[in-house]
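Take a look at the model first.

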Amino acid sequence: MDIDCLPFRNTGYFSALICDYLDQKEDLRPFYNRFPTLENFKDQIEEKANSFQDAHRDVLYHALQKQYANTTATKKTQDHIKQLKEPITFTVVTGHQLNLFTGPLYFLYKIISTINLTVELKKKYPKYNFVPVYWMATEDHDFEEINYFNFKGKKLQWNRKASGAVGDLKTEGLDEVYDAFANILGNTINAQALKQLFSKAYLEHDTLTEATRYLANALFGSYGLVIIDGHDAALKRLLIPYAKKDILEETSFQEVSVSAKKLAAVSEAYRIQVNPREINYFYLVEGVRERIIAKNDKFYVNDTQIEFTKEELIAELEQHPERFSPNVIARPLYQEVILPNLCYIGGGGEIAYWLELKAMFKSMQVPFPILLLRNSVLAITEKQAKKLDKMEIAVADLFLKQHSFINKKIRNISNIDIDFSPQKALLETHFESLYEIAAQTDASFLGAVKAQEVKQKKGLAHLEKRLLKAQKRKLKDHVVRMTDIQNELFPGQSLQERNLNFSELYLELGEDLIPTLVAALKPLQLEFTIIKY
C-alpha cells in the first residue's frame with residue numbers, strides 16, 4: 001500500500017473558509033477555541049474537566065447502557081462506556097445521518113478519524129482515557145437524503161412514505177433493496193459477507209436507529225466505538241435549561257446571527273452555511289417533527305394544530321424533554337452538554353457552520369470544542385495505478401476540472417509546442433518599436449497601433465486554441481483513456497468519497513478494508529490522503 005498526501009487547498013474541492021481555517025488565518029481566530037494540535041488538547045482537557053459535571057456522567061452511562069440493551073457490544077466498547085463514568089475520561093465525537101448502508105464512503109473516514117485521534121491522544125496524555133463516539137442523527141427528518149446508496153453506478157433506493165424522525169422509521173421494504181443489492185454483488189467471499197451484513201442490519205432490526213447501531217457496531221466495535229442516540233428522554237433532561245434560554249430569550253438566534261455576519265465580513269469568499277431561527281427546536285412526536293414558532297405570546301407547532309401558552313410550553317419541556325428536538329444550531333450544544341467532549345470531527349460544511357457557534361456557546365457557558373476537519377481519501381486500485389503510470393498522469397492532476405486536466409495533459413504529450421508565449425513575446429517586441437514611432441506623431445496613429453496589437457494578440461490566442469483543439473482530435477484515444485480513468489476515480493466529476501459506498505472497496509479488500517484505512521489515516525496531518533492498494 002502506497003500513501004501520499006495533497007494539501008486540501010490544492011485539491012480545488014474545499015471552500016476558501018476551510019482552507020483559511022487550516023492555514024490558521026488570523027482573521028478567523030475569533031471563531032474557534034483552539035486549533036487542532038496535540039499540544040492544544042492539554043488546555044482543552046483542563047477546560048472541559050472543570051466544567052463537566054459528574055452527575056452528567058452518570059446520566060450518560062445509564063442512557064448508554066439502556067441504548068445498548070439489545071446490541072452485543074465488544075469488550076472494548078463496554079470498557080469505554082464504563083470509563084465514561086470516570087472524571088479522567090473524555091470523548092472525541094463525529095456525527096452522521098442514518099444513511100442507508102452507511103451512504104457515501106466518507107462515513108468510514110469520519111469514524112476512523114475519530115478512532116485514530118483518540119489513540120493519538122492516549123499516547124500523548126496517558127493518564128486520561130479517550131473514547132471515540134459516533135452520534136447518530138436519529139432525529140433528522142430529511143428522508144430523501146438518506147434513503148439510498150450508490151453501488152457500481154446504480155442507485156439503490158428505499159422507496160416508501162416517511163414523516164417524522166428517520167430513526168423511528170420501520171425497516172419494512174428494505175428486503176427489496178437487499179434483493180437488488182444481492183443480485184449485482186456476485187458470489188465472492190467478500191460479496192457474501194456484504195450480503196450478510198446488510199441482511200443482519202436491516203432485515204433483522206425493526207427501526208432504522210437499531211439497524212444503523214448494529215451496522216456501525218459490526219464495522220467498528222472492535223475499535224471500541226461508542227454509538228449514541230440523542231433521542232433519549234434522560235439525556236434531553238440535561239438540555240432543559242439551555243432549551244429554555246433558546247426558546248424564551250432567543251439567545252442562540254441573537255448570538256449566531258451576529259457571528260454569521262462577522263464571519264461573512266471577513267471575506268466575500270465565505271459562504272454562510274446555516275442561519276439561525278428565533279427558536280432552534282422542533283416539536284417531535286410520532287410521525288411529526290415540525291418547527292416551534294412564537295407568535296402573539298403563544299407557541300405553535302408548524303403545519304399542525306398544536307399550540308401552547310408560554311406556561312404550557314415550559315411544562316411540556318419539563319415533563320417531556322424528549323419531544324423537543326434540537327435543529328442544526330442547537331444540536332452541537334446538546335452534544336457538548338451531555339458528553340465530556342474535547343473535539344468535534346466533521347466535513348467541510350459542518351466545520352463551516354460550527355465556526356458560527358462559538359459566541360452562542362460562550363453565552364450558554366458551555367466550553368467550545370476543538371474543530372477538526374475529517375480525513376478525506378482518494379482510493380486507487382493497483383490496476384488503476386498502473387493505468388495512471390502508463391499514461392504518465394500525476395495523481396495531483398486528477399483533481400483538476402476535466403477541461404483543464406485534458407488541456408494540461410495534451411500540452412505535455414503533444415509533439416508540437418502548443419504554448420504560443422514566445423510568439424506573444426516577439427509580437428510585443430515588434431510593437432515596442434511601433435510605439436516609439438507613434439510617440440513622434442499624432443494620437444490617432446497611437447490608437448491605431450494599440451488596436452492592432454490587441455487584434456493580433458487575440459488572433460494568436462485564437463490560433464493557440466485551434467491548435468489545442470486539433471491536437472485533441474489527433475490524440476483522441478489518449479483523451480478518452482485519461483477521461484475514463486478520471487471519471488472512474490471522480491464519479492460525476494466529484495470526490496470519490498462523496499459518491500461511492502464502502503461496499504465497492506470491501507469487494508476488493510474484504511475484512512482488510514477498515515484496518516487498511518485505520519493504518520493510513522492520520523487525523524492531525526490535515527492533508528488530503530491518496531491510498532494506492
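This is a predicted model: local features need pLDDT of at least 70, side-chain atom pairs count only at pLDDT 80 or more; totals for chains, interfaces and linings use all residues.

Strand partners and a helix

Q: How many bridges join strand 7 to strand 8?
A: Strands pair if DSSP finds at least two bridges between them. Strand 8 covers residues 288–295 and runs antiparallel to strand 7, and the bridges joining them number four.

Q: Which residue takes a positive phi in the hairpin of strand 7 and strand 8?
A: That hairpin has two residues between its strands. With a phi near 80°, the one to look for is Gly287.

Q: What is the bridge partner of Phe282 in strand 11?
A: Strand 11 (residues 324–326) is antiparallel to strand 7, with three bridges joining them. Phe282 is partnered there by Ser325.

Q: How many of the five residues of strand 7 are buried?
A: Buried means under 20% relative accessible area (1.4 Å probe, protein chains only), with exposed over 50% and partly exposed in between. Strand 7 (residues 281–285) is largely enclosed by the rest of the structure, because its buried residues number four.

Q: How far does helix 4 reach from its first C-alpha to its last?
A: Helix 4 has 14 residues, 54–67, and its buried ones include His56, Tyr61 and Gln67. Helices are DSSP runs of H or I with at least four residues, and the expected span is 1.5 Å times one less than the number of residues. For helix 4 the expected span is 20 Å, and its actual reach, close to that, is 20 Å.

Methods
Residues are numbered from 1 along each chain as its sequence is written. Side-chain values use heavy atoms; hydrogens and water are left out.
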